[in-house]
Amino acid sequence: TAEQRVASLLISISARNARRKLSPNRFRLPMSRGDIGHFLGLTIETVSRVFSRFAKQGLIEIENKDVSILDVPALQHIAAQED
């Protein structure tokens, strides 16, 4: 699902930052929403809706390209769900 793809991307960026000794929970997105959509096979509107949904659920805070992950286990659960 779109949620799984976006959650997986956020977890991947978080893990990469942790390996680089950077903050795994606060980072700047390395791509635009359009680039994320293209990379994940989603429309920009879908990417924006998923980010908004995650923010409303208290999983992330997002402002422009700045992301704070508030609930890593919940995002991991979403990313690991099977269809």
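Visitor: Which residues does Ser 68 touch, not counting residues up to four places away in sequence?

Guide: This is a predicted model, and in it Ser 68 has its place in strand E3. Its relative accessibility is 8%, and because buried means under 20%, Ser 68 counts as buried. Leaving aside residues up to four places away in sequence, the residues that Ser 68 touches are Asn 25, Arg 26, Leu 59, Ile 60 and Glu 61.

Visitor: Is Asn 64 buried or exposed?

Guide: Asn 64 lies in the loop between strand E2 (60–63) and E3, and its phi is near 60 degrees, a positive value in a residue other than glycine. Most residues other than glycine have a negative phi. With a relative accessibility of 58%, and exposed meaning over 50%, Asn 64 therefore counts as exposed.

Visitor: What is the phi of Lys 21?

Guide: Lys 21 lies in the loop between H1 and strand E1 (26–28), where its relative accessibility of 75% makes Lys 21 count as exposed. The backbone angle is again a positive value in a residue other than glycine, for the phi of Lys 21 is near 65 degrees.

Visitor: How many residues does H1 supply to the largest nonpolar core?

Guide: The largest nonpolar core has 22 residues, and those touching the most other members are Val 6, Leu 10, Leu 29, Phe 51, Phe 54, Ile 60 and Leu 75. At least two residues of this core come from each of H1, H2, helix H3 (44–56), strand E3 (66–69) and helix H4 (72–80). The largest share comes from H1, which supplies seven residues.

Visitor: Which residues does Leu 10 touch, not counting residues up to four places away in sequence?

Guide: Leu 10 is among the core residues that touch the most other members. When residues up to four places away in sequence are not counted, Leu 10 touches Phe 27, Leu 29, Phe 51, Phe 54, Ile 60, Val 67, Ile 69 and Leu 75.

Visitor: At roughly what angle do the axes of H2 and H3 cross?

Guide: Arg 33, Gly 34, Ile 36 and Gly 37 in H2 meet Ile 44, Val 47, Ser 48 and Phe 51 in H3, and these residues divide into four nonpolar, three polar and one charged. H2 and H3 are therefore roughly perpendicular to each other, since their axes, which come within 8 Å, cross at roughly 105 degrees.

Visitor: What distance separates the C-alpha atoms of Arg 33 and Phe 51?

Guide: Arg 33 lies in helix H2 and, at 25% relative accessibility, counts as partly exposed. Not counting residues up to four places away in sequence, Arg 33 touches Ile 44, Val 47, Ser 48, Phe 51, Ile 62 and Asn 64. Although Arg 33 and Phe 51 are 18 residues apart along the chain, the separation of their C-alpha atoms is 9.7 Å.

Methods
Residues are numbered from 1 along each chain as its sequence is written. This is a predicted model: local features need pLDDT of at least 70, side-chain atom pairs count only at pLDDT 80 or more; totals for chains, interfaces and linings use all residues. Side-chain values use heavy atoms; hydrogens and water are left out. A nonpolar core is a set of buried Ala, Val, Leu, Ile, Met, Phe, Trp, Tyr and Cys residues joined through side-chain atoms within 4.5 Å. Buried means under 20% relative accessible area, exposed over 50%, partly exposed in between (1.4 Å probe, protein chains only). Helices (H or I, at least four residues) and strands (E, at least two) are DSSP runs, numbered from the N terminus. Contact means heavy atoms within 4.5 Å. Axes are lines fitted to C-alpha atoms, for helices over the stretch in contact, and angles run from 0 to 180 degrees between N-to-C directions. Angles under 35 degrees count as roughly parallel, over 145 as roughly antiparallel, 65 to 115 as roughly perpendicular and the rest as oblique. Ala, Val, Leu, Ile, Met, Phe, Trp, Tyr, Cys and Pro count as nonpolar, Asp, Glu, Lys and Arg as charged, and the others, Gly among them, as polar.
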